[in-house]
Amino acid sequence: MLDAGDYVIRKAHSGDVGQLHELIMHHAAFERDRALISIPELRALVGAEEPPATILVAASGNELLGYAALTFDFSLWRARRWAHLDCLFVHERHRGKAIGSALLARARRVGRKAGADRLEGHTPQWNGRGIAFYKRERAMIASKARFQFDLAARADP
């Protein structure tokens with residue numbers, strides 16, 4: 001069993017890309033979806049001087065155990081910047097070892113340091129274990145329907 005001292009939470013680097021890509025694919029499959037990001041795209045993202053997402057990893061030696069991805073947006077109603085927890089995933093072999101809590105804690109610190117007043121995230125409604133995790137972490141549920149528009153599919157009418 002891993003203890004908190006057996007892994008570190010840090011920003012992803014170029015040496016993580018292969019394993020990180022595998023984790024992303026596992027995450028998408030877990031959520032009954034598919035991830036489209038390629039290894040070259042992920043490598044470019046991780047190596048970017050000003051990346052559009054902050055990717056954090058939980059690493060034990062050379063093994064990645066999980067990851068979190070954080071982006072930022074602006075709330076017009078609150079006139080404040082907020083952080084979006086786009087992804088939080090721990091490989092099933094390593095769940096139940098507080099790695100998700102450690103990734104979330106680091107994401108909160110990154111968001112706070114970047115001037116965000118709030119961290120928001122989501123999980124599928126059927127993911128009871130994920131919902132229980134967020135409740136244990138003192139998250140409040142904001143009930144809204146989430147919509148997606150495929151902007152690449154066709155031009156607006």
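Student: Where does E31 lie?

Tutor: Helices (H or I, at least four residues) and strands (E, at least two) are DSSP runs, numbered from the N terminus. E31 sits in the loop that joins α1 (17-30) to α2 (39-47). This is a predicted model, in which local features need pLDDT of at least 70, side-chain atom pairs count only at pLDDT 80 or more, and totals for chains, interfaces and linings use all residues. Residues are numbered from 1 along each chain as its sequence is written, and side-chain values use heavy atoms, with hydrogens and water left out.

Student: Which residues is E31 in contact with, leaving aside neighbours within four places in sequence?

Tutor: Contact means heavy atoms within 4.5 Å. On that basis E31 is in contact with P124 and W126.

Student: What about I55: buried or exposed?

Tutor: I55 belongs to strand β2 and is buried, because its relative accessibility is 12%. Beyond four places in sequence, its contacts include R10, L20, L42 and A68.

Student: How many residues has the largest nonpolar core?

Tutor: In soluble globular proteins, nonpolar side chains tend to be buried together. A nonpolar core is a set of buried Ala, Val, Leu, Ile, Met, Phe, Trp, Tyr and Cys residues joined through side-chain atoms within 4.5 Å. Here the largest has 19 residues, and A58, L85, L88, I99 and L103 have the most contacts inside it. α3 contributes the most, with 5 residues.

Definitions and conventions: Buried means under 20% relative accessible area, exposed over 50%, partly exposed in between (1.4 Å probe, protein chains only).
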